[in-house]
Amino acid sequence: MRTLGERYELEQRIGIGGMSEVWRAHDVVLDRTVAVKLISPELDGEETSVERIRAEARSAARLVHPNVASVHDFGTSTSFPGREVPYIVMELAEGETLAAHLRGGPLDWRIAVRVCAEVSAALAAAHAHGIVHRDVKPANVILTPAGVKVLDFGIATPAGTPDPTPDGIVVGTPAYLAPEQLDQQPATPAADMYALGVLLYYCLTGRLPYTACSTTQLLGERKRQAPEPLPEIDGLPPEVADLCRRCLDDDPERRPTSLMAALLLAEVVDARVYVPMLSATPRPRTTQVSPWTERAAVESTEAMAVDGHPTEWAC
């Protein structure tokens, strides 16, 4: 069994991407299960790359929020002779990805709104720390029994930081990139909000707001015309459709903030979310059961209609 830093025993690979792979691992010091993300640094400027990833891990470690998968540790491994391979140790979120849930088609609109409310709350916490995620997508959202966990702040960056990647290469998933990201402009919270708009659209419809069969066609389509408007969805409050439209605006200045989106979406389904404001005394999260079923969505909506009580916001 491979061990990193004489502490993390890699047990099973649970994910792989172009520049990284994620392992389920055991922390022998604290006797707990964790997720370890091994990252391949760029061949050019490897030392600078390791330091950049270390800085990004430090930024992500500052985020303490119930909808954010916590970062526990950072280290390097000499798995390849003469090369340092950085790794990030994170909380292992137990559950299914939103991508897996969406394989069965669109979500009930109440579930979709609840999911995106919690994703927005996670982004609000990041944005309050000056951090931009840059890769909000269904594969980076885990639905756990206690609620949403947003994963992979591994390519997160301080807001307004110039993109260090070579010309012609963009960081993130093409379908969820804001127009300004395609031009490699500095990442801002508004870019995450564009991705949230795509995510909300996908959850509600089961498809992207663009018609394309390949990444090349997708990028060309996006440069030619605006995203398709949401189709009519029975029962969907108009303010949700309006929020989705505004998130997908080409102009970053016209997109809503993550805090605004979290509050609006949570109010629609009478959900409770943690946001970085509104109360000097932190109060505990009160949702204890999994809300990711149609029954839970219906019961939540019926309870809201009967009780008529105001939504309570917790810090």
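Me: Quick one to start: how are helix 3 and helix 8 oriented to each other, roughly parallel or roughly antiparallel?

Reply: In this predicted model, helix 3, residues 109-128, and helix 8, residues 258-268, pack at an angle of about 150°, with their axes 8 Å apart. Angles over 145 degrees count as roughly antiparallel, and helix 3 and helix 8 are therefore roughly antiparallel to each other.

Me: And what is the handedness of the crossing where helix 3 passes helix 8?

Reply: Helix 3 passes helix 8 in a left-handed crossing.

Me: Which residues in helix 3 and helix 8 meet?

Reply: From helix 3 the residues are Trp109, Val113, Cys116, Ala117, Ser120, Ala121, Leu123, Ala124 and His127, and in helix 8 they meet Ser258, Leu259, Ala261, Ala262, Leu265, Ala266 and Val268. By class, the residues of this contact between helix 3 and helix 8 divide into 13 nonpolar, 3 polar and no charged.

Me: OK, and helix 7 against helix 8, at what angle do they pack?

Reply: Helix 7, residues 238-247, packs with helix 8 at an angle of about 155°, and their axes are 10 Å apart. Helix 7 and helix 8 are therefore roughly antiparallel to each other, and their crossing is left-handed.

Me: Which residues make that contact between helix 7 and helix 8?

Reply: Glu239, Val240, Leu243 and Arg246 in helix 7 meet Met260, Ala261, Leu264, Leu265 and Val268 in helix 8. The residues of this contact of helix 7 with helix 8 divide into 7 nonpolar, no polar and 2 charged.

Me: What sheet is that, and in what order do the strands come?

Reply: It is an open sheet formed by 3 strands in the order 7-9-10, with antiparallel pairing. Its edge strands are strand 7, at 96-97, and strand 10, at 147-150, each of which pairs on one side only.

Me: How many bridges are there between strand 7 and strand 9?

Reply: Strand 7 and strand 9, the latter covering residues 141-144, pair in the antiparallel sense over 2 bridges. To give you a position to look at, Glu96 has Leu143 in strand 9 as its bridge partner.

Me: Which way does strand 3 pair with strand 2, and over how many bridges?

Reply: Strand 2, residues 8-16, and strand 3 pair in the antiparallel sense over 7 bridges, and the bridge partner of Leu10 in strand 3 is Ala25.

Me: How many bridges join strand 3 to strand 4?

Reply: There are 8 bridges joining strand 3 to strand 4, and these two strands run antiparallel. Val22 has Lys37 in strand 4 as its bridge partner.

Me: What does Asp31 do in the hairpin of strand 3 and strand 4?

Reply: That hairpin has 4 residues between the strands, and within it Asp31 takes a positive phi near 55°, which is a positive value in a residue other than glycine. Asp31 sits in the loop between strand 3, at 20-27, and strand 4, at 32-39, and the residue is exposed, with a relative accessible area of 59%.

Me: What about Arg134, what is its phi?

Reply: Arg134 is not a glycine either, yet its phi is positive, at about 80°. Arg134 lies in the loop between strand 8, at 131-132, and strand 9.

Me: Is Arg134 buried or exposed?

Reply: Arg134 is buried, with a relative accessible area of 10%, the cut-off for buried being under 20%.

Me: And where is Ala187?

Reply: Ala187 is in the loop between helix 4, at 179-182, and helix 5, at 189-205. Ala187 is buried, with a relative accessible area of 6%, and its C-alpha atom is separated by 9.3 Å from that of Ile131, which is 56 residues away along the chain.

Definitions and conventions. Residues are numbered from 1 along each chain as its sequence is written. This is a predicted model: local features need pLDDT of at least 70, side-chain atom pairs count only at pLDDT 80 or more; totals for chains, interfaces and linings use all residues. Side-chain values use heavy atoms; hydrogens and water are left out. Axes are lines fitted to C-alpha atoms, for helices over the stretch in contact, and angles run from 0 to 180 degrees between N-to-C directions. Angles under 35 degrees count as roughly parallel, over 145 as roughly antiparallel, 65 to 115 as roughly perpendicular and the rest as oblique. A crossing is left-handed if the near helix is turned anticlockwise from the far one by less than a right angle, and right-handed if clockwise. Contact means heavy atoms within 4.5 Å. Ala, Val, Leu, Ile, Met, Phe, Trp, Tyr, Cys and Pro count as nonpolar, Asp, Glu, Lys and Arg as charged, and the others, Gly among them, as polar. Two strands pair if DSSP finds at least two bridges between them. Buried means under 20% relative accessible area, exposed over 50%, partly exposed in between (1.4 Å probe, protein chains only).
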